[in-house]
2 protein chains.
Amino acid sequence: MVRRMSVKPTVLKLGGSVITDKEKPLTPNLKAIERLAGEISRAKVSPLILVHGGGSFGHPIAERYDIAGGYADPSQILGFSQTHLAMTLLNSWVMEALISHNIAAVEVHPSSCAVTKAGRIANMELEPLKKMLKLGFVPVLYGDAVLDSEKGFAILSGDQLVSSLAIALGASRIIMGADVDGLYTADPKADSSAQLISHLTLEELKSLKHRIEGSKATDVTGGMLGKMHEVKLAIENDIETVIVNATKPLRVYKALKGEKVTGTIIEKG
Amino acid sequence: MVRRMSVKPTVLKLGGSVITDKEKPLTPNLKAIERLAGEISRAKVSPLILVHGGGSFGHPIAERYDIAGGYADPSQILGFSQTHLAMTLLNSWVMEALISHNIAAVEVHPSSCAVTKAGRIANMELEPLKKMLKLGFVPVLYGDAVLDSEKGFAILSGDQLVSSLAIALGASRIIMGADVDGLYTADPKADSSAQLISHLTLEELKSLKHRIEGSKATDVTGGMLGKMHEVKLAIENDIETVIVNATKPLRVYKALKGEKVTGTIIEKG
């Protein structure tokens, strides 16, 4: 059996707002998915783990049934099934694109192998995923509705998965493919004087925290602040994190290749 | 949190030849899937676990790349991804039908939570599945391409899953939804004197073994003999098994309800 995992894995997140049309329910952004599959294929980074968000697939149904709030009423049970089904539909668009670009991708469904406790990963079976990496597969995970030992069920965000997997597997880098260029000194959509921060330390990130509060996108897993909160845990473990704009061509490719790219690098410092 | 698993679960297998057109690659039998989802919904059996086969989705690609033979060549890696993708496509047809019939179904992907050793389940994370059953969900599994600790990868058949889950979860009954009425004294497709056996013991099954060899359907997981071999393990654990023809209306419904139905009952005896 081949053992290729001599180097540390890279974890790439593709935001839900990048791969779906956030304004239209259950609408994949097939152009973006196709382009990103091409960039990932060309970059040939191995070992690689991919995590994607839910965008307009998971969030609206999850909110309608308050899946994130946990089990309170039997009527939510079917809502959980519908939320998860929607996420698997989005995932299948991503998988088809990756495999058609000759990437040996295999999805790993969080609801099949992980249980949370009050929304935090308490128990996650990683043996299949580790074996995939060793053989050269690209495991693909996504934010999912999962079973929870305290609340019955919960939403396990793609960002929590990114951070948790990066730590558990000793990743070298996290690449966050977002719908913005990176972290700004202020909200660039509301403040024209906002400037992109190309590099910052964990300490600087913490002091920036209050400035990036109030991200407006509806997101049951939290907005940009939530993302930073999760990623912080990985950075504390000395895993360099790069935020790039995955809606713009070649940003993800360059980040994967380790080339100079517009974005924000966050290091433990 | 609701605890509904006071009674032992029923495990229902839907054969790949029932839910796909075995002659046409990647073609679901949507009429059969829709009808069976309706029968399962009306029967309202709980707790229930569903397992389905691959039919014309998984088998042709799995054979082309010899996934069952294990890892021998890097070119198989993409073939594994394609095999698994095909199975998830079939599974999504099944899930959509179940959920549209108001069944709170959630798929549990074997490749995400199980590792085999030389083709036999060596390690399978069952916590998410057990929690699903307790909340009233219907977990749905399927024959899948999985990682293997000896061979790199392997095919984990739906029938091995049926038997293994039934034993691990202390199931009361297994219902095998096949494309034949049950077990015959000879091959009914080749021998007009073949008679349906309505009831037999494990000992009688063993003595029948040589007569049912030579099932002709192409099946990387073994034909009818393979199915009997797997089911035997559950029957040895005192789990009653009923084989019914799932291509015929109401057979699965009646079996689920415990009503009198054409088929073969096999008991430990």
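Reply: Chain A and chain B bury about 3600 Å² between them. Carbon and sulfur atoms give 75% of that area. Buried area here is the accessible area (1.4 Å probe) that two parts lose on being put together, summed over both. Three residues, A:Ser112, A:Leu135 and A:Leu147, supply 14% of the area that chain A buries against chain B, more than any other three residues.

This is a predicted model: local features need pLDDT of at least 70, side-chain atom pairs count only at pLDDT 80 or more, and totals for chains, interfaces and linings use all residues. Residues are numbered from 1 along each chain as its sequence is written, chains are lettered from A and ligands numbered from 1 in the order in which they are written, and side-chain values use heavy atoms, with hydrogens and water left out.

Now count the contacts. 43 residues of chain A touch 42 residues of chain B, where contact means heavy atoms within 4.5 Å. A salt bridge is a side-chain nitrogen of Lys or Arg within 4 Å of a carboxyl oxygen of Asp or Glu. The whole structure has 16 of them over all chains.

Next, a helix pair across the interface. Helices (H or I, at least four residues) and strands (E, at least two) are DSSP runs, numbered from the N terminus. Helix α4 (residues 75-100) of chain A packs on helix α4 (residues 75-100) of chain B at an angle of about 150°, with the axes 10 Å apart. That makes α4(A) roughly antiparallel to α4(B). Axes are lines fitted to C-alpha atoms, for helices over the stretch in contact, and angles run from 0 to 180 degrees between N-to-C directions. Angles under 35 degrees count as roughly parallel, over 145 as roughly antiparallel, 65 to 115 as roughly perpendicular and the rest as oblique.

The crossing of α4(A) and α4(B) is left-handed. A crossing is left-handed if the near helix is turned anticlockwise from the far one by less than a right angle, and right-handed if clockwise. On α4(A), the contact residues include A:Leu78, A:Leu85, A:Leu89 and A:Ile99. On α4(B), they include B:Leu78, B:Leu85, B:Leu89 and B:Ile99. By class, this contact has 10 nonpolar, four polar and two charged residues. Ala, Val, Leu, Ile, Met, Phe, Trp, Tyr, Cys and Pro count as nonpolar, Asp, Glu, Lys and Arg as charged, and the others, Gly among them, as polar.

Stay with α4(B) and look inside chain B. Helix α3 (residues 55-64) of chain B comes within 8 Å of α4(B), axis to axis, and crosses at roughly 175°. α3(B) and α4(B) are therefore roughly antiparallel. B:Phe57, B:Gly58, B:Ile61 and B:Ala62 supply the α3(B) side. Among their partners on α4(B) are B:Gln82, B:Leu89 and B:Trp93. This contact has eight nonpolar, four polar and no charged residues.

α2(B) also meets α4(B). Their axes come within 9 Å and cross at roughly 40°. The two are therefore oblique, and the crossing is right-handed. B:Leu30, B:Ile33, B:Glu34, B:Ala37 and B:Ile40 of α2(B) meet B:Trp93, B:Val94, B:Ala97 and B:Leu98 of α4(B). Here the classes are eight nonpolar, no polar and one charged.
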